Amino acid sequence: MSDYYWDTRIEYLRNSRDLYYNDDYINFLVKMVWKIESPVHIIDFGCGYGYLGLKLLPLLPEGSTYTGVDLGDQLLDEARQLYAKLPYETEFIQGDIQEIVLERKYDIAICHAFLLHVPNPMTILQKMMDTVVETGKMITFEPHWISNMANFHLHGPTQSKTVQLGLLQKLYEQSAAQSGKDGNIGMKIPVYFSQLGLQNIECRVSDKVNFLHPNMEDSHKQKLYQSLLDSGYADAPTQDRESFIHNLIDRGATEQEAITQYENELLLSQEFHQESTITYAANMKITFGTVVRRL
Ligand SMILES: C[S@@+](CC[C@H](N)C(=O)[O-])C[C@H]1O[C@@H](n2cnc3c(N)ncnc32)[C@H](O)[C@@H]1O
């Protein structure tokens with residue numbers, strides 16, 4: 001059993017991905033926005049078990065290929081097993097993206113929920129860009145946590161009783177300043193693309209609004225409930241009240257903010273169950289641009 005964090009999170013990855021996009025929206029992006037009409041060679045940075053490839057390959061012209069790079073051995077084993085049953089040409093490369101040297105031979109470099117986990121996103125974006133041929137594309141799907149949290153609505157309590165946006169904004173900013181890893185990176189990538197000299201930069205938002213409610217069909221209800229549960233939106237506080245509050249104060253919260261946050265998380269965990277009524281949109285930001293090098 002691997003002790004690499006992401007190798008232990010395969011179930012979470014598998015169960016949470018359905019919350020983000022409707023398949024018709026991905027189809028719309030490929031066909032109407034990116035207009036991919038001839039085969040492309042794609043490289044996916046931080047590919048995990050190959051989620052993006054599974055979504056994109058069926059929509060791409062025949063002859064397209066998918067290369068995934070990740071640190072997780074078990075994630076890549078899972079990917080190899082999944083793709084072995086499919087008719088696509090794929091390659092999975094195990095390695096640390098911080099260190100690995102990759103060839104410049106891909107038409108599109110992509111990533112999904114990856115850049116928020118690196119402390120040096122500009123360096124990694126440059127590295128991604130270095131793998132793309134002239135006039136190829138970069139496409140990133142990354143979160144903007146604060147809009148994600150603003151889009152979680154549990155019917156019943158007023159939103160401020162379950163989600164305290166002001167404090168979350170402060171905590172996200174503080175942790176990004178400390179570690180360089182930024183859960184709000186989605187809204188910044190257009191700026192980074194511009195600084196790297198990409199052209200035709202655009203940014204879109206994921207389309208899906210999930211709706212859990214008592215009247216929905218049982219198997220859909222169970223699946224959606226499990227996805228929301230696994231995503232941790234309604235986890236009970238993991239520490240006792242005192243430690244939780246001290247921890248948040250250490251991270252920059254006022255005492256009152258820390259107490260309210262504790263009460264919010266507790267209430268949300270108590271009110272969240274399979275028969276709850278919830279609307280939730282992940283608000284992933286999809287940024288794309290064309291690689292043009294000034295020689
Ligand atoms: C949130 S997961 C996303 C996985 C996949 N893109 C998806 O959306 O299902 C982040 C992924 O980035 C990978 N990762 C993070 N830092 C990495 C690094 N330095 N080198 C290679 N992979 C890395 C992790 O192993 C993990 O699979």
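**Close-up views of a predicted model**

View 1. Val 133 is partly exposed, with 14 other C-beta atoms within 10 Å (a residue is buried if 20 or more other C-beta atoms lie within 10 Å of its own, exposed if 12 or fewer, and partly exposed in between, with C-beta atoms placed from the backbone). The model is predicted: local features need pLDDT of at least 70, side-chain atom pairs count only at pLDDT 80 or more, and totals for chains, interfaces and linings use all residues. Residues are numbered from 1 along each chain as its sequence is written. Val 133 belongs to strand β5 (residues 132–142); helices (H or I, at least four residues) and strands (E, at least two) are DSSP runs, numbered from the N terminus. Apart from neighbours within four places in sequence, Val 133 is in contact with Arg 104, Lys 105, Tyr 106 and Asp 107 (contact: C-beta atoms, placed from the backbone, within 7 Å). Val 133 and Tyr 106 are 27 residues apart along the chain, and 5.9 Å separates their C-alpha atoms.

**View 2. The open sheet of 7 strands.** The strand order is β3-β2-β1-β4-β5-β10-β7, and the pairing is mixed; two strands pair if DSSP finds at least two bridges between them. At the edges are β3 (89–94) and β7 (199–205), each of which pairs on one side only. From one strand to the next the twist averages 15° (axes are lines fitted to C-alpha atoms, for helices over the stretch in contact, and angles run from 0 to 180 degrees between N-to-C directions). Strands β1 (residues 41–45) and β2 (residues 65–70) are parallel and share 5 bridges, and Asp 44 has Gly 68 in β2 as its bridge partner. Helix α4 (residues 73–84) lies across β2 and β3, at about 170° to β3.

**View 3. The open sheet of 3 strands.** Here the order is β6-β9-β8, with antiparallel pairing. β6 and β8 (209–212) stand at the edges with a single partner strand each, so one side of each has no neighbour in the sheet. The twist averages 10° from one strand to the next. β6 and β9 (residues 278–281) form 3 antiparallel bridges, and His 153 stands opposite Thr 279 in β9. Helix α9 (residues 218–230) packs on this sheet and touches β8 and β9, its direction making about 115° with that of β8.

**View 4. Helix α11, residues 255–271.** Buried in α11 are Ala 258, Gln 261, Asn 264 and Leu 268. Seen down the axis, the buried residues of α11 fall within an arc of 125°, so they line one face of the helix; the arc is that of the directions from the helix axis to the C-beta atoms. The face turned away from the buried side carries the exposed residues Glu 255, Gln 256 and Gln 270. The cover over the buried residues of α11 includes β6 (152–154), α7 (165–179) and α10 (241–250).

**View 5. Asn 120 in its loop.** Asn 120 is found between β4 (106–112) and α5 (121–130). Asn 120 counts as partly exposed, with 13 C-beta neighbours inside 10 Å. Its C-alpha atom is separated by 6.4 Å from that of Gly 180, 60 residues apart along the chain.

Definitions and conventions:
Contact = placed C-beta atoms within 7 Å.
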